[in-house]
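This briefing is meant to be read alongside the sequence and the coordinates.

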Amino acid sequence: MLNVNSVRFLDDLHRLREFGAAGVGKGVVRPAFGTADIAAREWLAEQMQSAGLEPCFDPVGNLFGLAQGQSLLVGSHSDSQPEGGWLDGALGVIAGLEIARAAHEAGGPPVSVVSFQDEEGRFGVTTGSAIWSGNLALEVADRQSDRDGVSFAEARAAMAHMSGDFVDPSRFTGFVEMHIEQGPWLFEAKEAVGVVSDIVGIRDMRITFDGEQNHAGTTPMHRRRDAFQGVARFNALINERFRNVVTPQTVWTIGHVRLHPDAHSIVPGRATFSMQWRDGESDRLRRMETIIRETAEEVAREAALGLSYGEMLGLEPVPMDAHLRAALNTSAEAVAPGRWRQMQSGALHDATNVARLMPAAMLFVPSINGISHAFAEDTDEADLVTGLKVLAGAVARLCA
């Protein structure tokens, strides 16, 4: 067992939160490549160096703290949602840092740390790890833009002065990511940790209906080609048409709608919205895509609207590595006997991409009331420490 320092671990978590601290409670606003994000990464690089690691930024902002020779890689991401909490991603990075410190102080085993960039999707889906893993070409990523029209290429230029080459994945024997659950199951069951069995697949695309912009006071309802009414009709139909295809674990969301010209007294001439869906089976994800496209085409045809699609982003469902999972299972039973479970991850994580390159596994700790992607996100500090100890036990077993 590695002798981790829980006080140091918690202090570092709270220190990282100071970069972009916002809102009530323990809220954080630290979007990828923003001022707070870059400052946080510079601070993390200093901590990695103090832990005996070599800090390295790659061309897309991923930060690695490298141990000498072959090593196990532990980490997550440190960017946040537009309104996020203090633990999403940050927990895994600081847990990895503490494990690496403890290993360095003990004279081994070698443990490296990573904070991937733009996991939260300012420019896409797990952008930094997707590029590093080869799942997303850099030239394609550079063309992706955020909601304000800033391109990935433009954003990453802010870190060009500190970036080097991409880190060779062959120097790592495997990857373990610790994360908050972001759901209610562990919290409701009063369980300490969850060992992830697999990560669901995800699809994300933008759909645009083009209608006719016109005066809201003088245009009769029967003459309108209202783009937003297309979105409303699509949403009602899609919920019904998914009914016989999905499972209780399947989820789908329209999370962002942009109207043009977005004014009180104008019939919307254009409506662009996000459509995201998640499931553990690739075939079901494909069937849902077919239904989405057929429904959008029907709505456009019946309402005399134009229809176009943005690029579809996504990742396939990914099972976690059996050997790494076994080490986590054993450690969980030793640290929290009878208070852990194996579970699926309904949220997407960097481990999905890293699993293309090497064995990968994940460990969850409870989220209070199942809340995440919000300022109210939190986890009891005793649960954070329990998770750290489970992770430390697993790393010691894997590196023995």
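Helices (H or I, at least four residues) and strands (E, at least two) are runs assigned by DSSP and numbered from the N terminus. In these terms, Pro-261 sits in the loop between strand S10 (257–260) and strand S11 (266–267). The model is predicted.

**Helix packing around H12**

- On the H10 side, the contact is made by His-323, Leu-324, Ala-327, Leu-328, Thr-330, Ser-331, Ala-332, Ala-334 and Val-335. Their partners in H12 are Thr-386, Lys-389, Val-390, Gly-393, Ala-394, Arg-397 and Leu-398. By class, this contact of H10 with H12 comprises nine nonpolar, five polar and two charged residues.
- The crossing of H1 and H12 is right-handed.
- Ser-6, Phe-9, Leu-10, Leu-13 and His-14 of H1 meet Glu-381, Leu-384, Val-385 and Leu-388 of H12. The contact of H1 with H12 has six nonpolar, two polar and one charged residues.

- Ser-197 belongs to strand S6 (residues 193–199). Its relative accessibility is 18%, so Ser-197 counts as buried.
- The side chains of Ser-197 and Asp-198 are joined by a polar contact of 2.8 Å. Leaving aside residues up to four places away in sequence, Ser-197 touches Pro-319, Met-320, Arg-325, Met-343 and Gln-344.
- Val-299 is part of helix H9 (residues 282–303). Val-299 is buried, because its relative accessible area is 3%.
- With residues up to four places away in sequence not counted, Val-299 touches Phe-209, Gly-230, Arg-233, Phe-234 and Leu-237. Pro-184 lies 115 residues from Val-299 along the chain, and their C-alpha atoms are separated by 36 Å.
- Val-24 is placed in the loop between helix H1 (6–17) and helix H2 (35–50). A relative accessible area of 62% makes Val-24 exposed.
- Val-24 and Gly-85 are 61 residues apart in sequence, and their C-alpha atoms are 10.0 Å apart in space.

**Cis peptide bonds**

- The bond from Gly-108 to Pro-109 is cis, with omega near 5 degrees. Pro-109 lies in the loop between helix H3 (90–105) and strand S4 (111–116).
- The bond from His-260 to Pro-261 is likewise cis, with omega near 10 degrees.

- Gln-182 is a residue other than glycine with a positive phi, near 70 degrees. Gln-182 falls in the loop between strand S5 (172–180) and helix H7 (185–189), and its relative accessibility of 18% means that Gln-182 counts as buried.
- Ala-304, also a residue other than glycine, has a positive phi near 55 degrees. Ala-304 is in the loop between H9 and strand S13 (306–309), and is partly exposed, with a relative accessible area of 43%.

Methods:
Residues are numbered from 1 along each chain as its sequence is written. This is a predicted model: local features need pLDDT of at least 70, side-chain atom pairs count only at pLDDT 80 or more; totals for chains, interfaces and linings use all residues. Side-chain values use heavy atoms; hydrogens and water are left out. Contact means heavy atoms within 4.5 Å. Ala, Val, Leu, Ile, Met, Phe, Trp, Tyr, Cys and Pro count as nonpolar, Asp, Glu, Lys and Arg as charged, and the others, Gly among them, as polar. Buried means under 20% relative accessible area, exposed over 50%, partly exposed in between (1.4 Å probe, protein chains only). A polar contact is a pair of N or O atoms within 3.5 Å; within protein, one must be able to donate a hydrogen and the other to accept it, and residues adjacent in sequence count only if both atoms are side-chain atoms. A crossing is left-handed if the near helix is turned anticlockwise from the far one by less than a right angle, and right-handed if clockwise.
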